[in-house]
Amino acid sequence: METGKKETITVETTVHAPVEKVWKYWTEPEHIKRWSNASDDWHAPVAENDLRVGGKFLTRMEAKDESFGFDFAGVYDDVRNHEFISYTMGDGRKVEITFVAQDSDTKVIEIFEAEDTNSIEMQKTGWQSILDNFKKYSEAAQ
């Protein structure tokens, strides 16, 4: 039987946009579909988000060649507007996202519990790639 806490991984970036815009792009489905992928050969054709404690979210991530896809889903545990989101994924792992306003920039810090299938480095690289894509989208979008 497993005891103790799971290993956590942290990824972060600074988005050159105010926290209100960053929050909007992070939480609204029409924006999530435009940035929630780790590479250009993937996309997110479906995004649903009920941003409240107890609310559910779902992002469908798929390879553009339709060779593979999965649902990224969970339930919100805590939501503090423009500051903090925590949720539990479908497999029971916990995630925390902190949004730190820094003048006209926003630092986004994601801490998530590692899963047992892929290496820590692979998980960190994948989540960081999605976060980097979010930064790119948020800074380019008007």
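Guide: Helices and strands here are DSSP runs, numbered from the N terminus: a helix is a run of H or I with at least four residues, and a strand is a run of E with at least two. The model is predicted, so local features need pLDDT of at least 70 and side-chain atom pairs count only at pLDDT 80 or more, while totals for chains, interfaces and linings use all residues. Residues are numbered from 1 along each chain as its sequence is written, and side-chain values use heavy atoms, with hydrogens and water left out.

The part to look at starts with His-82, which sits in the loop between β4 and β5. Its phi is positive, about 65°, although His-82 is not a glycine. With a relative accessible area of 25%, His-82 is partly exposed; buried means under 20%, exposed over 50%, and partly exposed in between, for a 1.4 Å probe and protein chains only.

Strand β5 covers residues 84-89 and runs antiparallel to β4, joined to it by 6 bridges. Two strands count as paired if DSSP finds at least two bridges between them. One of these bridges has Val-75 and Thr-88 as partners, the latter in β5.

Strand β4, residues 69-80, also pairs with β3, residues 56-63, in the antiparallel sense and over 7 bridges. Here Phe-57 stands opposite Gly-74 of β4. β3 and β4 make a hairpin as well, with 5 residues between them, and Glu-66 in that turn has a positive phi of about 65°.

Phe-57 leads on to the rings. Together with Phe-72, Tyr-76, Tyr-87, Phe-112 and Trp-127, Phe-57 forms one aromatic cluster. Rings of Phe, Tyr and Trp (its six-membered ring) pair if their centres lie within 6.5 Å; planes under 30 degrees apart are stacked, over 60 edge-to-face, and the rest tilted. The structure holds 16 aromatic pairs. One of them joins Trp-26 and Phe-99: the centres are 5.8 Å apart and the planes stand at 80°, so this pair is edge-to-face. Trp-26 belongs to helix α1 (residues 19-27) and Phe-99 to strand β6 (residues 94-102), so the pair ties together parts that are 73 residues apart in sequence. Trp-26 and Phe-99 are both buried. Trp-42 and Phe-68 are also edge-to-face, because their planes stand at 65°, with centres 6.1 Å apart. Trp-42 is in strand β2 (residues 42-49) and Phe-68 in the loop between β3 and β4, 26 residues apart. Phe-68 counts as exposed at 53% relative accessibility, whereas Trp-42, at 22%, is partly exposed.

Past β5, Arg-93 lies in the loop between β5 and β6. Arg-93 is buried, with a relative accessible area of 9%. Its side chain makes a polar contact of 2.8 Å with that of Asp-91. A polar contact is a pair of N or O atoms within 3.5 Å; within protein, one must be able to donate a hydrogen and the other to accept it, and residues adjacent in sequence count only if both atoms are side-chain atoms. A polar atom of the Arg-93 side chain also lies 2.7 Å from the backbone oxygen of Glu-113. Leaving aside neighbours within four places in sequence, Arg-93 is in contact (heavy atoms within 4.5 Å) with residues including Lys-6, Tyr-87, Thr-88 and Phe-112.
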